[in-house]
Amino acid sequence: MISLYKNDGAKTECLLCPHNCKIAEGKTGICGARKNNGGIIELTTYGVISGYALDPIEKKPLYHFYPGTNILSIGSYGCNMRCDFCQNYNISQRSAAGFTSKTEPEKIVKDALAALNNIGIAFTYNEPVIWFEFVRDTALKARKKGLRTVMVSNGYINKEPLDEIISFTDAFNIDLKAFNNDFYKKLTGADLEPVKNTLKQISGSGKHLEITTLIIPGHNDNEDEMAFQAEWIAHELGKDIPLHLSRYFPMYKREDPATPQEIITKLEAVASKYLNYVYIGNMVSDSGQNTKCPVCGKTVTKRSGYNIRLQNLDQKGKCTGCGTRIYRNFTSFSSSIQN
Ligand code: SF4
């Protein structure tokens, strides 16, 4: 097991994420969840739950990981980014101080096993990287029972802890918040490069990966930047990595109006020149949600809200029109196919 901090006698440093906080005795790091207690950095949110729900897997969003199933989704408090547009700020931008009720990993696994059409457990809502010990203990127990594990994350983590997370995680949705470092610096308090490294590390591991970008007008909606981003994903990670482009709504400290739908559809067209699966979210209509075979163009999944209709697929997740593999994680859990 790796060490998540080091103490050289003079200072105590957290090694979990690229902030590498040097934390004084009795204080917490930037994330608000990890505290120096006598030279040891402890997780203050172990077992502290902010959200607990059985969600459609598509809500994570994961569109290519056992489509049509559910996943027990849990989260806690705190985050290692400071996004001024955070859509979950009421849990991510507050500490867990004062919360005494704790949930054991065993209880979560038991609930996951009992839940309907459930493939496993997703660590989501706030940032799961900073919840490392609790995620690890729960995920290891879940996998022993045959459950799948998912992380929905901002990807801001150092290499060694990510190696360990990859070892007990089956699928990731990682936010790529923009493809310019100015955005990361000014709007999130973090840096782009470590997130790119995370994406390459996950992709290289062979674990399932999807990416989400929340589009904020005037900040990350430049068409050239989107072309650059999509080309980088295709070249470094692969053309089959699903990219979700999502509309922003005013939240937390940011009051700009919601992203116009036409901006999202323009960026969808740009990204689709490089990537096989580009989806758009938070739209008024269901357009841009379906999955089409990138080779023959047959629609293989129709999505309307969280209603999923799998079609033109064989039992292994291949297109029946041309034999192209669409889904790698499919058969044993996915809903029945309606051909
Ligand atoms: S996980 Fe928290 S305490 Fe550790 S380096 Fe990152 S922000 Fe700092």
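Reader: Where is tyrosine 252 found?

Author: Tyrosine 252 sits in the loop between strand S11 (243–247) and helix H8 (261–272). Helices (H or I, at least four residues) and strands (E, at least two) are DSSP runs here, numbered from the N terminus. Residues count from 1 along each chain as its sequence is written, and side-chain values use heavy atoms, with hydrogens and water left out. Keep in mind that this is a predicted model: local features need pLDDT of at least 70, side-chain atom pairs count only at pLDDT 80 or more, and totals for chains, interfaces and linings use all residues.

Reader: Why is tyrosine 252 called partly exposed?

Author: Its relative accessible area is 30%. Buried means under 20% and exposed over 50%, with partly exposed in between (1.4 Å probe, protein chains only). So tyrosine 252, at 30%, counts as partly exposed.

Reader: And what makes the phi of tyrosine 252 worth a mention?

Author: The phi is positive, about 55°, although tyrosine 252 is not a glycine. Most residues other than glycine have a negative phi. Asparagine 312, in the segment after S15, also has a positive phi of about 55° without being a glycine.

Reader: Which peptide bond is cis, and what is its omega?

Author: The one from lysine 60 to proline 61, with omega near -5°. Most peptide bonds are trans. Proline 61 lies in the loop between strand S5 (51–56) and strand S6 (70–75).

Reader: On to helices. Why are H2 and H3 called oblique to each other?

Author: The axes of H2 (residues 105–114) and H3 (residues 132–144) cross at roughly 45° and come within 9 Å. Those axes are lines fitted to C-alpha atoms, for helices over the stretch in contact, and the angles run from 0 to 180 degrees between N-to-C directions. Under 35 degrees would count as roughly parallel, over 145 as roughly antiparallel, 65 to 115 as roughly perpendicular, and the rest is oblique. H2 and H3 are therefore oblique.

Reader: Which residues of H2 and H3 meet?

Author: On the H2 side, Pro105, Glu106, Ile108 and Val109 meet Phe134, Asp137, Thr138, Lys141 and Ala142 in H3; contact means heavy atoms within 4.5 Å. By class, that is five nonpolar, one polar and three charged residues. Ala, Val, Leu, Ile, Met, Phe, Trp, Tyr, Cys and Pro count as nonpolar, Asp, Glu, Lys and Arg as charged, and the others, Gly among them, as polar.

Reader: How do H4 and H6 cross, and at what angle?

Author: Their axes cross at roughly 35° and come within 11 Å, and H4 passes H6 in a right-handed crossing. Lys159, Leu162, Asp163 and Ile166 in H4 meet Thr198, Gln201, Ile202 and Ser205 in H6. The contact holds three nonpolar, three polar and two charged residues.

Reader: Which residues of helix H4 are buried?

Author: Pro161, Leu162, Glu164, Ile165 and Ile166, in a helix that covers residues 159–167. The buried residues of H4 pack against H3, strand S8 (148–153), strand S9 (171–175) and H6.

Reader: Is serine 205 buried or partly exposed?

Author: Serine 205, found in helix H6, has 33% relative accessibility, so it counts as partly exposed. Serine 205 and aspartate 163 are 42 residues apart in sequence, yet 8.8 Å apart in space, C-alpha to C-alpha.

Reader: What makes S13 and S15 stand at the edges of their sheet?

Author: The open sheet has three strands in the order S13-S14-S15, with antiparallel pairing; two strands pair if DSSP finds at least two bridges between them. Strand S13 (291–292) and strand S15 (307–310) each have a single partner strand, so one side of each is left without a neighbour in the sheet. Strand S14 (residues 299–304) pairs with S15 over four bridges, and arginine 303 has isoleucine 308 as its bridge partner in S15.

Reader: How many bridges join S3 and S4?

Author: Four, in the antiparallel sense, with strand S3 covering residues 34–37. Arginine 34 has leucine 43 of S4 as a bridge partner. S3 and S4 form a hairpin with two residues between them, and glycine 38 in the turn has a positive phi of about 65°.

Reader: Which residues make up the covered face of strand S4?

Author: Ile41 and Leu43, while Ile40 and Glu42 form the uncovered face of S4 (residues 40–43). In a regular strand the side chains alternate between the two faces of the sheet.

Conventions. Left-handed = near helix turned anticlockwise from the far one by under 90°.
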